[in-house]
Amino acid sequence: MSDILDKIVDTKKIEVVADTKKISLAEQRQRAEENNRNPLFKPRGFIQSIESTIATGKAGVIAEIKKASPSKGILRDPFHPAEIAQSYENHGAACLSVLTDQQYFQGANAYLQAARAACQIPVLRKDFTIDPYQIYEARAIGADAILLIVACLELNQMKELEACAHELGLDVLVEVHNAPELEKALHLNTPLLGINNRNLKTFEVTLQTTLSLLLMVPDNKRLVTESGIMTQADVQLMRDHQINAFLVGEAFMRANDPGLALKTLFS
C-alpha cells in the first residue's frame, strides 16, 4: 500500500470511531433503512444506469465531483456540487461520483446530498470504505453505490462490506491497480470492476494499466477505466478495446463548464 493510502486508512479508522460516538451504528442503520422506504431516496440503480447508457451506443460515464486531491491540491474554486451535477446530467453522464473524504480531498457528505438532490442520475459515494458503519452512512446520505478499494482491504473485509452494501440495495464498484488486486476483486459478486490507471506509489498515470489487465477481466464483469482519460484519442483507444465505461474527474473539474467538457470529450 502507498504511504498516502496508509495515512488515509489510518485516518478513516479514527473517523469511524469518532462518528460512531456522534451517531450510533444502530441509528445510522435506521436512517439508511428509512431512505430505502422513501421513494425520493431509494437507490436509483447505479449499474443499471451505466448499462442502459452503453446499450444506446454511448459511453457509460461516471462523472466525478471533487474539489481537491492530495497530489494536485485545489482543482475547482469556487465549488458548487449541485450546479456541476446538473451540468453533468444535462450533457450525458450516466452516473456521478462525489468525493466525501474531508481531510485529504476537501470533500463532504453535504456535497453528495446537494449533487443528488440536483439531478436524477445515480451517485457513487467516493470515499475510503473500511467499515460497515460507512456503508450505512452512505445510504443514509443518499448514495446509490459505494467504492471498495482492494489496495486497502483484505478479501474477507471486502466480502463483508459488499454483502452489507447489497443488503441495503447499494451497488458496488471495486477498484484495482494491478494484477494481484484484480485476482482478489474477482472473488466479489459485483459486476462493476474499476481499473485505476494511477500508480498509488508514484501518482503517475498510464492507460496501459487498463490495457495490460484486460485479458484477466471475465466477460461477466463491466470494466470501468479510471484516471488519465484526458482526450478524445484516449476515449477512442479504450472503446477500440471494447471498454465503454469511464470514471473521469480531473479533466472536467478544471473546465469552465464540466458538463460541456464531458460532452466534448465523449462526442
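Tutor: Start at Phe79, which is buried, with a relative accessible area of 11%. Buried means under 20% relative accessible area, exposed over 50%, and partly exposed in between, using a 1.4 Å probe and protein chains only. The model is predicted, so local features need pLDDT of at least 70 and side-chain atom pairs count only at pLDDT 80 or more, while totals for chains, interfaces and linings use all residues. Residues are numbered from 1 along each chain as its sequence is written, and side-chain values use heavy atoms, leaving out hydrogens and water.

Now the ring partners. Four aromatic pairs turn up in a search of the whole structure. One of them joins Phe79 and Tyr111: their ring centres are 5.0 Å apart and the planes stand at 70°, so this is an edge-to-face pair. Rings of Phe, Tyr and Trp (its six-membered ring) pair if their centres lie within 6.5 Å; planes under 30 degrees apart count as stacked, over 60 as edge-to-face and the rest as tilted. Phe79 sits in the loop between strand S3 (73-74) and helix H4 (81-90), and Tyr111 in helix H5 (residues 109-117), so the pair ties together parts 32 residues apart in sequence. Helices (H or I, at least four residues) and strands (E, at least two) are DSSP runs, numbered from the N terminus. Tyr111 is partly exposed, at 22% relative accessible area.

A cis peptide bond links Asp77 to Pro78, with omega about 5°.

Lys66 also meets Phe79. The list of residues that Lys66 touches is Leu75, Phe79, Leu99, Glu250 and Met253, leaving aside residues up to four places away in sequence. Contact means heavy atoms within 4.5 Å. Lys66 lies in the loop between strand S1 (60-65) and strand S2 (68-69). Its relative accessibility is 9%, so Lys66 counts as buried.

Next, the two helices. Two packed helices are described by the angle between their axes and the distance between the axes. The H4 and H5 axes come within 8 Å and cross at roughly 40°. Axes are lines fitted to C-alpha atoms, for helices over the stretch in contact, and angles run from 0 to 180 degrees between N-to-C directions. H4 and H5 are therefore oblique to each other. Angles under 35 degrees count as roughly parallel, over 145 as roughly antiparallel, 65 to 115 as roughly perpendicular and the rest as oblique. The crossing of H4 past H5 is right-handed; that is, the near helix is turned clockwise from the far one by less than a right angle. H4 contributes Pro81, Ala82 and Ala85 to the contact, and H5 contributes Tyr111, Ala114 and Ala115.

One more residue belongs with H5. Gln106 is in the loop between strand S4 (95-99) and H5. Its phi is near 55°, a positive value in a residue other than glycine. Gln106 has 35% relative accessibility, so it counts as partly exposed.
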